[in-house]
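I opened this entry to go through a two-chain model.

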Amino acid sequence: MEIFTLFILAVFVNNFVVVQFLGICPFLGVSKDTSSAFGMGVAVTVVMVLATLVTYPLYTFVMVPLGFEFMEIIFFIFVIAALVQMLEQILKKFIPALYNSLGIYLPLITTNCAVLGVAELVIGDVSALGIASMNLGYALLYALFSGIGFLIAILLMSGLREKVDRYADMPKALKGFPISMVIASFMAMAFYVFTLI
Amino acid sequence: MKKNDYKKIFFDGVVANNPTWRLVLGTCATLALTTSAMNGIGMGLAVTVILLCSNVLVSLLRKVIPNEVRIPAFVLIIATFVTVVRMVLYAYLPDLYDSMGVFLPLIVVNCIILGRAESFASKNTVLAAAADGVANGIGFTVALTIMGIIREFLGNASFFGIAQPWDFKIGFFTSSAGAFFVYGICIALFNFIYSKIEISLAHGKARARRQSLPKSLEELKETAQAQEEK
């Protein structure tokens, strides 16, 4: 039951993109067509889970006992950068087909707020996540569900933008980023309904 | 560097390449921390300080850092300054620290700072890099403050925390939907105004060129004679 609550909270109520504003750069930058949006969404989800798998134990079992909490930002960003680099090499070597479809998004993910954001959120205040206390299992599930929320948001956005960018007749100043922001605003309104559950 | 170059750096950072409205960088922090004008200023100043420090240090070390590992080196520099600013805010401005929440550590992955380090500070002298950092920081802060004022005024009927006498609040503007909407409209308006500025600047340059040209045949002959005499 707790897992179901966590799922609803992470995917819909506190959607990573439209409610918490994490990962906006790829959300706006890589949402021009549905196939690349899907690739980006999957890549971000995988990296979020892997990053949490490394950073959460690193923080709870190494940094807290040693009193290194204040170094978390530096440690986390380096872990994520190294992880992304390693993932890229492994994919290139062993699964070239997957590398060709996801590889181009991987370097972008290092500087993605969503990945560092989830690493910071699972070690912070967990009262908003609907669970009593955080452990590694919950942290991984939260990262997975947040990634799914990101995937849903970026897919919806790319579907809308495919239509709007091609067919809508709008003033020149609104083209590009501004109209994407307005679309995102309507999406946020739609997601607001979930907070009323 | 000449005085004109610094003028250009400031014009680029604040208007022509305004990081928030022209380049649309650092969007996460912009959307999340413009719920009130004070939050906008706080975030803007924190980024300005980090941008200034990281630009200066990157510029100082630009001949020491090998080209292959420059990105990790820049990230390390930025992460260090973010940690310092976080500790300072935690100790002296706990309210701001709480309202910034997870977005304070996320300044590390703010594209503006890494972008300026990569494209400007690693190629220019310390003074120019410092000026560039301040200019971009001001551009970011001004943009965040204006959006914060709009959202606070319409959504909460207050101005910098001072409540207005009327009680007309549109909750939409303090919600996440309002953040996207205000940001989108601000970019569109700024693009519109900037395109007008660009046209008038182009007109001004054309006029200046026309005035510098000789007006009549006699004038042309006179200038030719003057050059011959020299």
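Predicted model: local features only at pLDDT ≥ 70, side-chain atom pairs only at ≥ 80, totals over all residues.

**Entry 1: the salt bridge**

I asked which residue pairs with A:Glu72 in a salt bridge. The partner is B:Arg86, and the closest N and O atoms are 3.1 Å apart. The pair meets the definition because that distance falls within 4 Å. I then looked up the count between chain B and chain A, and it is one salt bridge. For polar contacts across the interface, I found three residue pairs, with both residues at pLDDT 80 or more.

**Entry 2: extent of the interface**

The area buried between the two chains is about 2800 Å². Carbon and sulfur atoms give 85% of that area. B:Cys28, B:Val109 and B:Phe180 supply 23% of the area that chain B buries against chain A, more than any other three residues.

**Entry 3: the largest pocket**

I turned to open space. The largest pocket holds about 690 Å³. I counted 26 lining residues, and those closest to the centre are A:Leu121, A:Gly124, A:Asp125, B:Gly101 and B:Val102. Both chains contribute helices to the lining: α4 (72-94) and α7 (113-123) from chain A, α4 and α5 (94-100) from chain B, each with at least two residues. I noted that α4(B) gives the most, with four residues. The lining divides into 15 nonpolar, five polar and six charged residues.

**Entry 4: the second largest pocket**

The volume here is about 360 Å³. I looked up the lining and found 16 residues. Nearest the centre lie A:Ala81, A:Gln85, A:Thr110, B:Ile71 and B:Pro72. Which helices supply at least two residues each to this lining? They are α4 of chain A and α4 of chain B. α4(A) gives the most, with seven residues. I recorded the classes as twelve nonpolar, three polar and one charged.

**Entry 5: the cavity**

How many cavities of 30 Å³ or more does the structure hold? I found one. The largest cavity holds about 100 Å³ of space. Its lining has 13 residues, and the closest to its centre are A:Cys113, B:Cys28, B:Ala29, B:Leu106 and B:Asn110. The largest share of the lining comes from α2(B), with three residues. By class I wrote down ten nonpolar, three polar and no charged residues.

**Entry 6: cross-check**

B:Cys28 is one of the three residues of chain B that supply 23% of its area buried against chain A. B:Cys28 is also among the residues closest to the centre of the largest cavity.

Key: Residues numbered from 1 in each chain as written. Chains lettered and ligands numbered in written order. Heavy atoms only, no water. Buried area = accessible area lost by both parts, 1.4 Å probe. Salt bridge = Lys/Arg side-chain N within 4 Å of Asp/Glu carboxyl O. Polar contact = N/O pair within 3.5 Å; in protein donor to acceptor, adjacent residues only side chain to side chain. 1 Å grid on protein atoms, 1.4 Å probe; cavity = no way out; pocket = protein on both sides within 12 Å on 5 of 7 lines; lining within 4 Å. Points joined across faces, edges and corners; volume = space filled by probe spheres on them. Nonpolar A, V, L, I, M, F, W, Y, C, P; charged D, E, K, R; others polar.
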